[in-house]
Protein chains: 2
Amino acid sequence: MKYLFGVDIGGTTVKMGLLSEVGECLEKWEIPTDKTNNGANILSDVAASIVSKLSEKKIDKSDVIGVGAGVPGPVDSKGIVHNAVNLGWGTFNAAEELSSLTGLNAMVGNDANVAALGEMWKGGAKGYSDVVMVTLGTGVGGGIIIDGKIVNGSVGAGGEIGHIHMNDNEEKACGCGGHGCLEQYASATGIARTAGEMFEEYKGNTVLTKDDLSAKAVFDGVKAGDELCISIAKRFGDMLGKGLAVIAAVVNPEVFVLGGGVSKAGEVLIGYVEPSFKKYAFPGTKNVKIVLATLGNDAGMYGAAKLV
Amino acid sequence: MKYLFGVDIGGTTVKMGLLSEVGECLEKWEIPTDKTNNGANILSDVAASIVSKLSEKKIDKSDVIGVGAGVPGPVDSKGIVHNAVNLGWGTFNAAEELSSLTGLNAMVGNDANVAALGEMWKGGAKGYSDVVMVTLGTGVGGGIIIDGKIVNGSVGAGGEIGHIHMNDNEEKACGCGGHGCLEQYASATGIARTAGEMFEEYKGNTVLTKDDLSAKAVFDGVKAGDELCISIAKRFGDMLGKGLAVIAAVVNPEVFVLGGGVSKAGEVLIGYVEPSFKKYAFPGTKNVKIVLATLGNDAGMYGAAKLV
């Protein structure tokens with residue numbers, strides 16, 4: 001039997017998995033992300049954990065196909081990370097370093113791209129090869145896969161779909177410095193902002209309270225039939241559907257996979273996104289499917305393993 | 001010496017080329033496109049012309065690497081054409097048919113994608129492997145190349161960037177049935193429409209006349225320092241730059257290549273597109289280059305040959 005390691009490096013913890021070559025997860029565990037000293041210890045901690053797992057399981061290095069890792073920042077197709085600010089990392093070849101630290105074949109990719117690969121291999125996009133994953137969390141991330149391969153982009157900024165420009169009239173700045181990015185409307189943060197603005201103006205009764213205007217509260221309200229929540233969800237769906245229509249005109253995938261915290265709202269989400277997508281999409285792309293991610297936090301670990 | 005045939009099938013003529021395997025054009029010629037009987041004779045006319053050229057040049061079929069053809073319509077990665085309405089074609093495997101008619105290896109692609117491949121091989125994007133070509137003609141077409149390979153999309157609608165939704169307030173319909181597509185502002189037709197609207201409202205002196213509000217007249221006026229023309233060019237540049245920014249956030253290419261009739265205006269065009277691109281682009285993608293196509297009408301012929 002041959003083995004794979006999948007490593008998902010986050011800002012707080014590193015999720016690790018030992019998998020069989022066909023992608024069965026044999027064991028998963030976590031180690032803390034050590035961000036001291038500009039994250040200089042992160043890869044050696046990962047390597048030490050892998051070496052210790054090999055020894056514990058009495059697995060020979062020659063039976064390991066390799067280690068794949070997802071990193072929160074731009075990574076190009078050579079495994080070079082370009083400033084992963086959340087880890088304190090500058091620009092260096094993380095794949096080479098991980099390989100030299102472990103003595104194993106290693107590949108590194110952007111975390112959102114790697115999660116898309118995971119959903120294609122074992123999750124909501126299983127069986128497809130042209131996939132766009134949209135991660136709706138604090139921000140909006142994206143991972144694009146064409147013919148089964150990640151589109152990294154020339155400087156690792158492929159799939160930065162949270163920063164598609166959507167609105168010329170936006171006065172507030174996005175985290176990227178732009179104004180009117182998709183992320184400002186379709187992330188959990190963006191939904192909460194819309195909820196705040198609409199709550200202020202709303203005169204009727206609502207289940208929402210000033211203390212909790214979160215995306216979760218909004219979609220709980222939608223499920224309870226709350227009118228204000230439904231209006232907020234419509235505004236979110238209009239923006240995200242329009243963004244997906246733009247993406248479809250560029251790469252025409254087979255399927256969009258919606259993941260991240262916001263997607264925990266479930267199928268109800270798709271009911272708000274799909275009508276807007278069909279309204280704005282180029283006719284040839286209207287049949288692109290929109291599905292939910294199914295792997296949750298494990299998508300990165302699976303996708304990282306699939307990298308190698 | 002090994003040979004390639006490049007075939008660019010247009011609505012009026014078929015441009016054909018005999019090339020060496022390194023892409024040197026040895027001879028080029030044209031035949032008319034026979035659109036009678038739903039275009040049923042087009043591929044057999046192409047095949048007859050190839051066979052006759054082989055006989056004229058005394059080239060043995062075993063010395064021909066293959067025939068590539070570009071088609072004005074959606075084509076998937078298997079060479080299946082999905083309704084090329086300009087030729088009268090429905091859905092069928094044009095690559096297989098061209099191969100059986102010629103007895104040669106054959107590949108077929110969408111004309112805009114194939115032109116992008118040509119510009120990457122021999123034109124403005126030479127030396128790059130992540131390229132987006134934007135064809136500014138009667139409409140706006142696009143060809144996307146990632147890692148040296150065309151992004152066809154799941155139903156051949158990859159690179160349909162003319163139909164990126166740009167404007168919620170557009171009242172006129174695009175040819176695709178949508179409202180507010182990039183093509184409505186950035187094509188030659190779109191520029192002429194903007195020119196018409198702004199000409200009506202303009203009170204000052206201008207070199208433009210009601211009889212000629214074409215894209216060419218506008219850019220000739222720009223070069224002469226005409227204020228109205230400069231305003232029209234700014235509106236065009238704002239829309240196209242914003243569209244390119246969106247594309248860059250999705251696939252993060254190394255270079256945009258501007259081709260088609262509008263691009264004959266020359267370098268002056270880039271001066272109107274680039275500031276808007278930089279204004280709306282995600283920071284990580286601001287350094288993407290914008291260049292002019294250099295192969296003109298031969299891009300499709302070169303790119304088609306490169307397919308095989």
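Mentor: Helices (H or I, at least four residues) and strands (E, at least two) are DSSP runs, numbered from the N terminus. This is a predicted model, in which local features need pLDDT of at least 70 and side-chain atom pairs count only at pLDDT 80 or more, while totals for chains, interfaces and linings use all residues. Residues are numbered from 1 along each chain as its sequence is written, and chains are lettered from A and ligands numbered from 1 in the order in which they are written.

Trainee: Which residues of helix α7 of chain B are called buried, and what covers them?

Mentor: A residue is buried if 20 or more other C-beta atoms, placed from the backbone, lie within 10 Å of its own, exposed if 12 or fewer, and partly exposed in between. In α7(B), residues 215–223, the buried ones are Ala215(B), Ala217(B), Val218(B), Phe219(B), Gly221(B) and Val222(B). Their cover includes α6 (188–201), α8 (227–251) and α9 (268–280) of chain B.

Trainee: How do you know that β9 and β10 of chain A pair?

Mentor: Two strands pair if DSSP finds at least two bridges between them; β9(A), residues 140–146, and β10(A) have 2 bridges in the antiparallel sense, and therefore count as paired. Lys149(A) in β10(A) is the bridge partner of Ile146(A).

Trainee: Why are β10 and β12 of chain A edge strands?

Mentor: The 5 strands form an open sheet of mixed pairing, in the order β10-β9-β8-β11-β12 of chain A. Both β10(A), 149–150, and β12(A), 289–292, have a single partner strand, so one side of each is left without a neighbour in the sheet.

Trainee: What touches what between the domains of chain A?

Mentor: An automatic or database domain assignment gives the bounds, here 3–119 for domain 1 and 127–292 for domain 2 of chain A. Two residues are in contact if their C-beta atoms lie within 7 Å, and by that test 13 residues of domain 1 of chain A meet 16 residues of domain 2 of chain A. On the domain 1 side, α4(A) gives the most, with 6 residues.

Trainee: How many residues of each chain are in contact with the other, and which element of chain A supplies the largest share?

Mentor: Chain A has 33 residues in contact with 33 residues of chain B. The largest share of the chain A side, 7 residues, comes from α8(A).
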